[in-house]
Structure formats: structure tokens, C-alpha cells
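Subject: The structure I promised you

Hi! Here is the structure we talked about, so please open it and keep it beside you while you read.

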Amino acid sequence: MSTFGDTTQTETETETPARPVSRPPLRRAYHGRMVAGVCAGLADYLAIDVTIVRVAFAVFTFLGGAGIPAYLACLLLIPEEGSDQSIAGSFLNSFDHGL
């Protein structure tokens, strides 16, 4: 007999739904930093080796020059470890209060 379309359950399901794996917050890291901690922070967030991120930035820099603006954007937009506000956020916040 085919069970196609049969909606009755013959066994009780005891599996719990899978919970999403929590990632650390995206921050520029203190440990493993060479310049500003952008690559180390991205590697921690993505759970990959920091060398992969550094090589990716180098490749993007040499093949079209997109690595440098991307690194600078990350430097300005990603907060440093131990801080909740990025460089750009603190600049805009100070500019907003100055008016």
C-alpha cells in the first residue's frame, strides 16, 4: 500500500526543531589584528581562518582595486571589539549633537 498523500502519523516525532547557531557580533578584533582588526573580526564572525579573509582582500585589491575601499568601509562601519558604535556612527553622533 502506498503512503503517498497519507497524513496520519504512525510514529510520534520526538525531534526538537533545530536552533540557529548564534554568531558572535561583528566587531573589529583585538586579537590577530595586523592593521585595524577588520580581517580578524570578519574571520571570527564567519568562523573561517583569518588568512582566507586577508587573501580575499588582497585579491580584490589587485584585481580591480575593490579591496581597499571595502577595507576602509569596514573600518568605518564595523565597531571595535568592546565598543557598540563604529567610527562612522560616533562621527555622525557627534555631528548631530553639534548642531
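In helix α1, the buried residues are V38, C39, A40, G41, L42 and A43. "Buried" here is under 20% relative accessible area, "exposed" is over 50%, and "partly exposed" is in between, using a 1.4 Å probe and counting protein chains only. Helices are DSSP runs of H or I with at least four residues, strands are runs of E with at least two, and both are numbered from the N terminus. What do the buried residues of α1 pack against? They pack against α2 and α3, where contact means heavy atoms within 4.5 Å.

Before you go further, a word on the source: this is a predicted model, where local features need pLDDT of at least 70, side-chain atom pairs count only at pLDDT 80 or more, and totals for chains, interfaces and linings use all residues. Residues are numbered from 1 along each chain as its sequence is written, and side-chain values use heavy atoms, with hydrogens and water left out.

Now the overall layout. Of its 99 residues, 20% are buried. Among contacts with a separation of 6 or more, 36% are between residues 24 or more positions apart. The chain exposes about 7900 Å², and carbon and sulfur atoms supply 63% of that; accessible areas come from the Shrake-Rupley method with a 1.4 Å probe, and for residues only the protein chains shown count as cover.

Next, the inside. The largest nonpolar core has 14 residues, and those with the most contacts inside it are V38, C39, L42, V53, F57, Y71 and C74. A nonpolar core is a set of buried Ala, Val, Leu, Ile, Met, Phe, Trp, Tyr and Cys residues joined through side-chain atoms within 4.5 Å. The largest share, five residues, comes from α1.

Leaving aside neighbours within four places in sequence, Y71 is in contact with V35, A36, G37, V38, C39 and F57.

The buried residues of α3 are G67, Y71, C74 and L75. Seen down the axis of α3, they fall within an arc of 105°, so they line one face of the helix. That arc is taken from the directions from the helix axis to the C-beta atoms.

Have a look at T61 too, which sits in helix α2. T61 is partly exposed, because its relative accessibility is 25%. Not counting residues up to four places away in sequence, T61 touches A66, G67 and I68. The C-alpha atoms of T61 and Y71 are 9.6 Å apart, with the two residues ten apart along the chain.

On to the charges. Side chains of opposite charge can pair when their charged atoms come close. How many salt bridges does a search of the whole structure find? It finds two, a salt bridge being a side-chain nitrogen of Lys or Arg within 4 Å of a carboxyl oxygen of Asp or Glu.

One of them joins D84 and R27, with the closest N and O atoms 3.4 Å apart. This pair links distant parts of the chain: D84 is in the loop between α3 and α4 (87-98), R27 is in the segment before α1, and they are 57 residues apart. D84 is exposed, at 72%, whereas R27 is partly exposed, at 23%.

R33 and E80 form a salt bridge as well, and there the closest N and O atoms are 3.0 Å apart. Here too, distant parts of the chain are linked: R33 is in the segment before α1, E80 is in the loop between α3 and α4, and they are 47 residues apart. R33 is partly exposed at 29%, and so is E80 at 24%.

V55, V59, F60, F62 and L63 make a nonpolar surface patch of about 580 Å². Patches are made of residues with over 30% relative accessible area and no salt bridge, with like charges joined within 9 Å and nonpolar side chains (Val, Leu, Ile, Met, Phe, Trp, Tyr) within 5 Å. F62 belongs to helix α2 (residues 50-62) and counts as exposed at 72% relative accessibility.

Then there is A47, in the loop between α1 and α2. Its phi is near 60°, a positive value in a residue other than glycine. A47 is exposed, with a relative accessible area of 70%.

Happy browsing!
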